Amino acid sequence: MWPAGVLRHKTRSRNVPMVEIDLALQGATGPSRADWTTLEAPVVLSTTLSPGQSFGWKRLAVSEEAYLGVMGNSVVLFVQSEKSIRWCTLAGPGVTCQRVRSFLGLDDGPLQDLRSAWAKSCTRLAQVAECLPGLCVLQQDLVETIFGFICSQNNNVSRICLLMDRLRATYGELLCSIAPGVDAEGDGDLAVLREFNVQRKLYAFPSVARLAAASESSLKALGLGYRAAYVRSAAKMLLQKDGCMLKWLEQSRDSIDLSGIDPLQTEEPEGMRQRRLEVRKELCRLPGVGPKVADCIALFAMKQHGSVPVDVHIWQIVTRDYEPELREAKSLTPLVYERVGNAFRHRFGAPFAGWAHSLLFGAEFGALRAQLPTQMLKEMDAYREEIKAQKLKKRKALRKSDKTGPGNSKERDRLKMKRPNTNR
C-alpha cells in the first residue's frame, strides 16, 4: 500500500494553503494528514493525462510518476503504481473514488473488452493499443472543455496549456501555492512549464460570468489573439436567457444512457445519431466553434462517445487505412466529415468510436507518438511525405497550365479537379 502522505500548510492571505508536495510523497508526519486513495484499474497516467484531451495537468519532477492538477475546486495529486493509481486532495473538497472514476470514464464503457475487439479488426490499432496501454477518454468539466478547445484553434498543445493556465491565473480562484522543491517537467523548455515553476500557484477555472465580463483587450494581453473575441462572445452566449444553452448541454450529457446497447454495434441507432448531431449543432452556435471543436467538446465532456472529431489528419488516417475512395473528395465538406466519422463508427462500433479515434489520433499526432515502434513511425512518415510530394506535384502542374494562356482552359480545369493518386 502507498504510505499515507502528510501535507504541511503554511498560512497565506485568505487562508490559501502552501502545499509541500515532497512531504506528501514521502509520507512525512505532521499536523495535516493527506489521505491517499487507491483505485485498481487499467489506467496509465502518462497516456491519459498527457495534453491533448485536457490541458491542465503537470507532470512532476519526482522519482514517482506523479501528476498535479485541478478538478473543480480541488487540487489533486495522482501517482502511478504498477496496476493501480493513487491520489490525494491537496487543497479544496476531497475528491472521491466515484468522482475519479467518472473523470476517467471508467464506468461509461468496457474499455478493455473494446480494445481487445478493436485489435482483432485492425492490425494498426492492435499495435497502437499494445504500445499505449491504459489510455482513458476523460469526461471533464464542460465549461473548461468548451474554452480549452476554443483556444485550440490553429494552436499547438503546449501553447493551449499556457493560455489555459493564464486564464485560470487571471480570472480564476486561487486554490493553493506550491512550496519550492518540486517542479513541473516536460519535453523541452516550454513556456507553460517555465511560468508554472516561477509562479507555483494553482487556480480553479474561471466561471462563465468572469470570462464574459473580461474585456477583449485583457484577453488578448494573455496571448489569445483573435481567440479573445471568441472566448468573450462564447461566454456571453452561454449566459443568455438565464444560461439556457449551458443547461441544455448539461441535461443532454446527464441523460445519456447506454445500458442495453451493444458497444460494438456498427449501425448507429437513429436516436443516438440524432442526439449526436443535435449536440454538435448546438455547440456550433458558439463563436469560434466548428464541427471538429464541437465534437471534441462532446467526446471529452458530454459522454458522446460516438463523436469522432475530424480534421485533415484524421481524414488521412481513414483514406490510408480504411476507405481509400475518400481520397477522391476535393475538400472536407460536411458530407465528407460525416463519412470519415462513419468509417470509425462502422469499423469500431458506433457507441464508442470516439474512443478508438482518440487512441489512433494520440498515437499519430500527439505527444505519445514517440512510444510507437520505429517501423510504424517510418510508415507514418513515409505516407505523409507521399501526400506532400503529390500535393506539390499538383501545384506545379497548375502553375504550368496557368502559363499556357486561355487556350488551355480545359486542361487547367482538368488538373484542378483531379486528386493525386495516393494508393500505397
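The report below turns to the basis of the model, then to salt bridges, and then to a strand and its partners.

## Basis of the model

This is a predicted model, in which local features need pLDDT of at least 70 and side-chain atom pairs count only at pLDDT 80 or more, while totals for chains, interfaces and linings use all residues. Residues are numbered from 1 along each chain as its sequence is written, and side-chain values use heavy atoms, with hydrogens and water left out.

## Salt bridges

A salt bridge is taken here as a side-chain nitrogen of Lys or Arg within 4 Å of a carboxyl oxygen of Asp or Glu, and by this rule the count comes to 25. One of them joins Asp-107 to Arg-101, with the closest N and O atoms 2.7 Å apart. For accessibility, buried means under 20% relative accessible area, exposed means over 50%, and partly exposed lies in between, using a 1.4 Å probe and protein chains only. Asp-107, with a relative accessible area of 44%, is partly exposed, and Arg-101 also counts as partly exposed, at 23%.

Another salt bridge brings together the side chains of Asp-311 and Lys-292, at 3.1 Å from N to O. This pair links distant parts of the chain, 19 residues apart, since Lys-292 lies in helix H13 (291–301) and Asp-311 in the loop between that helix and helix H14 (312–321). Helices (H or I, at least four residues) and strands (E, at least two) are DSSP runs, numbered from the N terminus. Asp-311 is buried, with a relative accessible area of 13%, whereas Lys-292 is partly exposed, at 32%.

A further salt bridge connects Asp-321 and Arg-320, whose closest N and O atoms are 2.8 Å apart. Asp-321 is partly exposed, with a relative accessible area of 25%, while Arg-320 is buried, at 11%. Elsewhere, salt bridges that share partners join Glu-268, Arg-276, Arg-280, Asp-295, Glu-338 and Arg-345 into one network.

## Strand E8 and its partners

Strand E8 covers residues 84–91, and because eight of its eight residues are buried, the strand is largely enclosed by the rest of the structure. Two strands pair if DSSP finds at least two bridges between them. Strand E4 (residues 37–40) runs antiparallel to E8 and is joined to it by four bridges, with Thr-37 having Trp-87 in E8 as its bridge partner.

Strand E7 (residues 74–80) is likewise antiparallel to E8, and six bridges join the two. Leu-77 has Cys-88 in E8 as its bridge partner, and E7 and E8 form a hairpin with three residues between them.
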